[in-house]
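This briefing is for a reader who is new to the structure shown below. Please look through the sequence and the model before reading on.

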Amino acid sequence: MAQVTLRKLVKNYDETPAVRGIDLDIVDKEFVVLVGPSGCGKSTTLRMIAGLEDITGGEISIGGHVVNDVPPKDRDIAMVFQNYALYPHMTVFENMSFGLRLKKVPKDEIRKQVEHAARILDISELLDRKPKQLSGGQRQRVAMGRAIVRDPKVFLFDEPLSNLDAKLRVQMRTEIKKVHQKVRTTTVYVTHDQVEAMTLADRVVVMNAGRIEQVGTPNELYHHPRTVFVAGFIGSPAMNFIPCGLEQAAGALRVVLPDGLAFPVPSDRTDRYTKHVGKSNLVFGLRPEHITETHRNIDPNQERFQMTLEVTEPMGMETLIYFQIGGVEVCGRVNPAAGAEPSQPIDLLADLNHMHLIDAQSGLVL
Amino acid sequence: MATATTIDKSGPSRPISHGSMSQDRRRALLWSYFFLVVFVIFFLTPPVYMLITSLKSSTEIAGARNPWWVFEPTLMNYQTLLTSTEFLTFILNSSMVSIIVVSVTMIVSVLAAFALSRMRFWGSATLATGIFLCYLIPETLLFIPLFKMFAVVNEFTGIQLLNKWYVLVLVYPTLTVPFCTWIMIGYFASIPKELDEAALIDGATYMQTLTKIFIPVALPGIIAATIFAFTVSWAQFLYPLAFTTSSDQLVLPVGIVTSLIKGDVYNWGQIMTGALIAAAPPLVIYAFLMDYYIAGLTAGATKG
């Protein structure tokens with residue numbers, strides 16, 4: 001059993017807080033990704049789990065044992081670093097076996113384990129090479145191999161794909177997922193790339209300014225963000241946020257946007273939203289994929305409107321369109337066949353089933 | 001015919017216009033060769049003169065013939081020096097001092113540099129600067145207080161350090177340790193932090209991280225520092241001149257001067273021979289470790 005538990009974890013660098021008291025339960029065999037912008041405390045949290053940073057306050061336990069004062073080597077963890085951190089003077093075999101050799105594991109046992117890990121990662125032919133002679137992707141594999149060989153309770157990944165080019169990154173992402181499916185070790189993975197987080201994680205932890213904004217499966221975060229930060233951070237292009245008002249008319253609610261636009265609120269949300277009628281500081285949120293071209297069979301919660309486009313970005317499978325509502329740039333995604341042209345008016349469809357209403361003051365999604 | 005002339009014209013003009021870069025390069029090369037030759041002449045003239053003189057007999061040196069030519073070459077000077085017990089004692093003393101000083105220096109400075117560059121502790125940055133400042137104090141300023149210190153030690157403990165070759169083993173590290181530590185701090189600083197963190201997670205102690213990761217990775221830097229320490233302790237002149245006087249306690253640089261200059265009689269042939277022999281060990285070491293030395297000076301090549 002290798003669950004990882006963080007309780008009221010705090011880290012201050014001199015008086016500057018980096019992590020401001022976070023609680024997190026990672027269950028056995030789970031793949032958890034910490035994601036957030038730079039400086040949000042995600043790497044610091046990972047390094048505290050690894051034991052590379054002292055803890056200012058709170059508690060970390062691995063496998064049910066509090067490890068606050070346990071040195072890194074006794075925490076039974078393995079870490080993969082962004083710049084691989086391979087020992088440059090050792091061969092791949094020596095790199096991967098270094099930990100086992102320090103533990104004085106018998107030689108043939110070491111060989112067996114290294115060869116096993118090398119097979120998982122498909123690097124059996126590279127065992128006699130030095131890190132210098134390897135490509136970026138191969139180095140990354142060796143770094144992972146070094147972690148696997150030790151058969152730890154927990155894998156820690158610190159932005160392992162950031163040094164790779166875009167194509168290799170996608171490839172290695174799949175590779176990491178495969179490895180996790182094979183070895184089923186509890187994994188904590190840090191990245192600033194929300195696509196990486198969404199694709200890899202069983203659960204994603206979104207962090208901001210030293211706090212956890214939300215923990216959830218990729219789908220939960222995408223469809224039910226709890227804060228404006230999560231709503232804006234997850235998804236690319238990002239969710240559109242437009243200042244709005246909320247009005248009640250004839251038993252139904254409607255969102256009033258600038259430039260004379262108004263959208264009816266789906267009836268199943270009336271109860272939830274009624275208490276916010278008339279409030280200022282409300283923001284309407286809708287993802288670009290929910291602003292599309294119109295089509296015949298629209299459902300009652302989809303609303304037509306007309307806009308003049310500023311910019312279009314054809315992507316092949318879709319076209320991103322940009323227009324302004326009340327001085328705010330809004331993005332939508334339309335079918336390339338819809339004939340979207342800059343400076344041309346176009347009929348669009350807002351799918352309000354996926355709308356969000358946000359209180360700008362508290363930053364919470366209502 | 002007209003076409004032929006145009007071809008003739010463009011023929012030679014093409015490499016010139018196309019080769020303006022290479023002409024520029026050639027000029028730059030010419031200048032560098034010029035200055036290199038001047039440099040080589042300037043620095044090699046003394047050793048060459050020493051070599052020529054060492055092959056002459058005293059009579060020939062005293063004779064007013066061309067000093068740049070050996071008319072009757074002889075190995076007399078070499079034979080005399082290498083069979084004189086006094087001279088062999090100098091070599092032995094120098095070797096002992098250098099070997100011990102280099103060993104002590106490297107052990108101390110590698111450990112110190114590792115601690116100062118990696119084990120953040122209170123005052124480590126100040127200490128690192130302090131070590132470098134030590135190096136800036138000239139030995140001319142230090143030898144009198146040091147002399148006094150050793151006299152006081154003798155007074156209180158009865159341990160006689162003055163006029164013993166091993167006093168130099170205590171004194172030389174004050175010159176070598178600060179500089180070598182400084183070189184090693186710089187070198188260790190170029191090793192990515194993740195490397196020791198990886199070692200830490202792999203279960204290495206600080207000592208194992210140092211011996212199994214840092215020393216092998218920083219080997220070029222360590223060799224550069226070793227060469228420096230050796231050169232300093234082999235060629236140091238002022239301290240042995242001040243602290244040792246008996247001929248059985250002298251090291252080469254002082255020994256040659258004091259034993260071969262008798263009053264106002266300069267035994268030039270033997271002085272030059274002695275100096276040449278004394279210069280041989282550093283030369284041999286440089287020749288063997290040159291590649292490492294250069295790699296050590298162009299530090300930071302450990303990325304990956």
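Predicted model: local features only at pLDDT ≥ 70, side-chain atom pairs only at ≥ 80, totals over all residues.

Residues are numbered from 1 along each chain as its sequence is written, chains are lettered from A and ligands numbered from 1 in the order in which they are written, and side-chain values use heavy atoms, with hydrogens and water left out.

**Interface**

- In chain B, 18 residues are in contact with 23 residues of chain A, where contact means heavy atoms within 4.5 Å.
- The two chains bury about 1,800 Å² between them, and 67% of this is on carbon and sulfur atoms; buried area is the accessible area (1.4 Å probe) that two parts lose on being put together, summed over both.
- Two salt bridges are found across the interface of chain B and chain A, a salt bridge being a side-chain nitrogen of Lys or Arg within 4 Å of a carboxyl oxygen of Asp or Glu.
- E197(B) and R47(A) form a salt bridge through their side chains, at 2.6 Å from N to O.
- On the side of chain B that touches chain A, the elements that give two or more residues are α10 (193-202) and α11 (206-217) of chain B; helices (H or I, at least four residues) and strands (E, at least two) are DSSP runs, numbered from the N terminus.
- α10(B) gives the most to that side, with eight residues.

**Largest pocket**

- The largest pocket has a volume of about 530 Å³. On a 1 Å grid over the protein atoms alone, a pocket is an open set of points with protein on both sides within 12 Å along at least five of seven lines, a cavity is a set where a 1.4 Å probe fits but cannot get out, and lining residues have an atom within 4 Å of a point. Grid points are joined across faces, edges and corners, and a volume is the space filled by probe spheres set on the points.
- Its lining has 17 residues, and L52(A), R120(B), K193(B), L200(B) and Y206(B) lie nearest the centre.
- At least two lining residues each come from β1 (4-13) of chain A and from α5 (85-118), α10 and α11 of chain B.
- α10(B) gives the most to this lining, with four residues.

**Cavities**

- Residues of both chains line the largest cavity, among them F81(A), R146(A), I201(B) and D202(B).
- The largest share of that lining, three residues, comes from α10(B).

**Backbone**

- Most residues other than glycine have a negative phi, and most peptide bonds are trans.
- The peptide bond from S236(A) to P237(A) is cis, with omega near -5°, and P237(A) is in the loop between α8 (228-233) and β11 (240-249) of chain A.
- K29(A) is a residue other than glycine with a positive phi, near 70°; K29(A) lies in the loop between β2 (16-26) and β3 (31-35) of chain A.
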